[in-house]
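Keep the viewer open and try each task before you read on.

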Amino acid sequence: MSRILLPTPKRIGRRKFLGLSMAGLGATLLGGCDRLSEAPQFLDLLGSAEGLTYRMQRLLGGNALAREFSAADLSPDFKVNGTQAPDTPEYAAFQETGFANWRLRVDGLVVKPLDLSLADLRALPQRTQITRHDCVEGWSAIGKWQGPTLGDVLKSAGVQPAARFAVFHCADFYERAADGTGQYYESIDLIDAFHPQTILAHRLNDEPLSVGHGAPLRLRVERQLGYKQARYVMRIELTDRLDLLGRGKGGFWPDRGYEWYAGI
Ligand SMILES: Nc1nc2c(c(=O)[nH]1)N[C@H]1C(S)=C(S)[C@@H](COP(=O)(O)O)O[C@H]1N2
Ligand SMILES: [Mo]
């Protein structure tokens, strides 16, 4: 993957608009995000170009919805990108039993840590959405996703006041780097975590998720780019800091130079 994004027209439009109009609006945009903006990494983020996109989305409304499509728009082929299948013995064992023994761990700054089976996740209210996935490599695909909202899962665990981010720990090692990093992970702020379209998807196009698409569970965070859509999610950790994970930038690709806030 190269560092350079292949911008969609929408992305260019937003950036141009930001350049012309954002000066002076400053920190007031964050309004309700005061606790978030105290996190050390946010002080860096907010001063950067990436911070402009971040603030813009908050200005437009933390709950602005990503576009949803109709069944007629579904892509005939949804590409599998990055890891094709996690290559650990643990994952192979889950796969053998059809993920019957798999549990999603929810912990960190929660009131009550949870271990949720697929049946537990299916028993929660389900959201179905047809959305477009945009990869920085320049391809897009429209798919129909189903699962509980991340918000409902976090509510059942209870969010401690100090929590600022949700981290998604994945089953796969994208690479095994000399510094010990390379296990895939991603993170989002609690505004995106509680966004109504942020779901833990266990179905794509009316079928259980295939291994390629992230079985048994993946994140859909629809206002951000493809690499934020963590597949093979094993554990969700609420935390107040990202600098101690991986190489400290909040995600596998952010650790390798991509933006942490990958707004579309
Ligand atoms: N665990 C994990 N999640 C991941 C990746 C990965 O390699 N491992 N690749 C990311 C990238 S770059 C993209 S574009 C999407 C691809 O999802 P898809 O294979 O369902 O199209 O997954 C994202 N999430
Ligand atoms: Mo991607």
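**Exercise 1: the core**

Which residues does I236 touch, not counting residues up to four places away in sequence?

*Solution.* Before starting, note that this is a predicted model, in which local features need pLDDT of at least 70, side-chain atom pairs count only at pLDDT 80 or more, and totals for chains, interfaces and linings use all residues. Residues are numbered from 1 along each chain as its sequence is written, chains are lettered from A and ligands numbered from 1 in the order in which they are written, and side-chain values use heavy atoms, with hydrogens and water left out.

Step 1. Contact means heavy atoms within 4.5 Å. By that rule, I236 touches L104, R105, V106, D107, L150, L154, A166, V167, F168 and L200.

Step 2. Now place I236 in the largest nonpolar core, which has 53 residues. A nonpolar core is a set of buried Ala, Val, Leu, Ile, Met, Phe, Trp, Tyr and Cys residues joined through side-chain atoms within 4.5 Å. Buried means under 20% relative accessible area, exposed over 50%, and partly exposed in between (1.4 Å probe, protein chains only). The members that touch the most others are W102, L104, V106, F168, L200 and I236.

Step 3. There is also a second, separate core of 10 residues, including L45, Y54, L242 and Y261. As background, nonpolar side chains tend to be buried together in soluble globular proteins.

**Exercise 2: the sheet**

In what order do the 5 strands of the open sheet lie?

*Solution.* Step 1. Recall the terms: helices (H or I, at least four residues) and strands (E, at least two) are DSSP runs numbered from the N terminus, and two strands pair if DSSP finds at least two bridges between them.

Step 1. Read across the sheet: the order is β2-β1-β11-β5-β6, with mixed pairing. The edges are β2 (114-116) and β6 (183-189), each pairing on one side only.

Step 2. Go through some of the pairs:
- β1 and β2 run antiparallel with 3 bridges, and a hairpin of 5 residues joins them; L104 stands opposite L116 in β2.
- β1 and β11 run parallel with 4 bridges, and D107 has E237 as its bridge partner in β11.
- β5 (residues 165-173) and β11 (residues 233-239) run antiparallel with 6 bridges, and F165 has T239 as its bridge partner in β11.

**Exercise 3: the ligand and H213**

Which residues are the closest to ligand 1?

*Solution.* Step 1. A residue is near a molecule if one of its heavy atoms lies within 4 Å of it. Ligand 1 is surrounded by 23 residues, and the closest are K79, N81, D172, H213 and R218.

Step 1. Look for polar contacts, meaning pairs of N or O atoms within 3.5 Å; within protein, one must be able to donate a hydrogen and the other to accept it, and residues adjacent in sequence count only if both atoms are side-chain atoms. A polar side-chain atom of H213 is 2.7 Å from an oxygen atom of the ligand. Polar backbone atoms take part too: one of T83 is 3.0 Å from a ligand oxygen, and one of Q229 is 2.9 Å from a ligand nitrogen.

Step 2. Follow H213 into the protein. This residue is found in the loop between β9 and β10, and counts as buried because its relative accessibility is 10%. A polar atom of its side chain lies 3.2 Å from the backbone oxygen of F78.
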